[in-house]
Amino acid sequence: MSHNKALDDLTREQLTELLEIYSKNWLAADGIWFQSVEKKHGMEEAMYHDVEIWKKFTVVEALKLKKFLGLPERPGLEGLAKALSLRFYANINDDEIRIEGNTLLYRMVDCRVQTARKRKGMEFHPCKAVGIVEYGEFARAIDDRITCECVSCYPDITDETCCCSWKFTLRE
């Protein structure tokens, strides 16, 4: 892997700020392509492509984090919690993770995507369909015994205290 020597001169604070910039840039690119398809072909077409992209990207992201963290083949909910906390958008969204027994509850308290769409006067992103794929495939890539179900996510909000909520269950 090549090494960007420009990073060597940056302080820890600068590297942290750069990571936030990279995360925001990634999220902006994700939103820009989505809104382009949405504008030209409608929400249904944009959602189709969003689901297709996340089927693959979320697994790539999970496997790279699993390797980075040195997680075993089946790291359970503790491994999933570690990986979720290091996802690309984890440092720019406000989230919570709680493990109780054989379940992990992941709550996105504040979501930059929905906040941006609201600010622009746009309809909320109906992310439940994408989230089912994104979080389910991410969890399975971390540990194939983990299943995922939606607790609350637009357009099916059941918890007004967060943007979305996901329940992961470890099946033995």
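A residue is termed buried under 20% relative accessible area, exposed over 50% and partly exposed in between, with a 1.4 Å probe and protein chains only. By this criterion K67 is exposed, because its relative accessible area is 73%. The model is predicted: local features need pLDDT of at least 70, side-chain atom pairs count only at pLDDT 80 or more, and totals for chains, interfaces and linings use all residues. Residues are numbered from 1 along each chain as its sequence is written, and side-chain values use heavy atoms, with hydrogens and water left out.

K67 belongs to helix 2; helices (H or I, at least four residues) and strands (E, at least two) are DSSP runs numbered from the N terminus. Between K67 and I142 there are 75 residues of sequence separation, while their C-alpha atoms are 9.8 Å apart.

Helix 2 also carries E52. E52 is partly exposed, because its relative accessible area is 26%. From E52 to K39 the C-alpha distance is 18 Å, at a sequence separation of 13 residues. K39 is part of helix 1 and is exposed, because its relative accessible area is 77%. A further pair, K39 and N102, is separated by 63 residues in sequence and by 42 Å in space, C-alpha to C-alpha.

The pairing of helix 1 with helix 2 may be considered next. Their axes come within 7 Å and cross at roughly 145 degrees; axes here are lines fitted to C-alpha atoms, for helices over the stretch in contact, and angles run from 0 to 180 degrees between N-to-C directions. On the side of helix 1, the residues that meet helix 2 are W26, D30, W33, F34, V37, E38 and H41. Their counterparts in helix 2 are M43, E45, A46, M47, H49, D50, I53, W54 and F57, where contact means heavy atoms within 4.5 Å. By class, the residues of this contact comprise 10 nonpolar, 2 polar and 4 charged. In that division Ala, Val, Leu, Ile, Met, Phe, Trp, Tyr, Cys and Pro count as nonpolar, Asp, Glu, Lys and Arg as charged, and the others, Gly among them, as polar.

Helix 5 contains E134, which is buried, because its relative accessible area is 8%. E134 and V59 lie 75 residues apart along the chain, and their C-alpha atoms are separated by 8.4 Å.

The structure holds 0 disulfides, a disulfide being a pair of cysteine sulfur atoms within 2.5 Å. For C148, the nearest cysteine sulfur is that of C150, 7.8 Å away. For C150, the nearest is that of C153, at 5.0 Å. C150 counts as partly exposed, because its relative accessibility is 22%. In the loop between strand 3 and strand 4 lies P155, and the peptide bond from Y154 to P155 is cis, with omega near 15 degrees.
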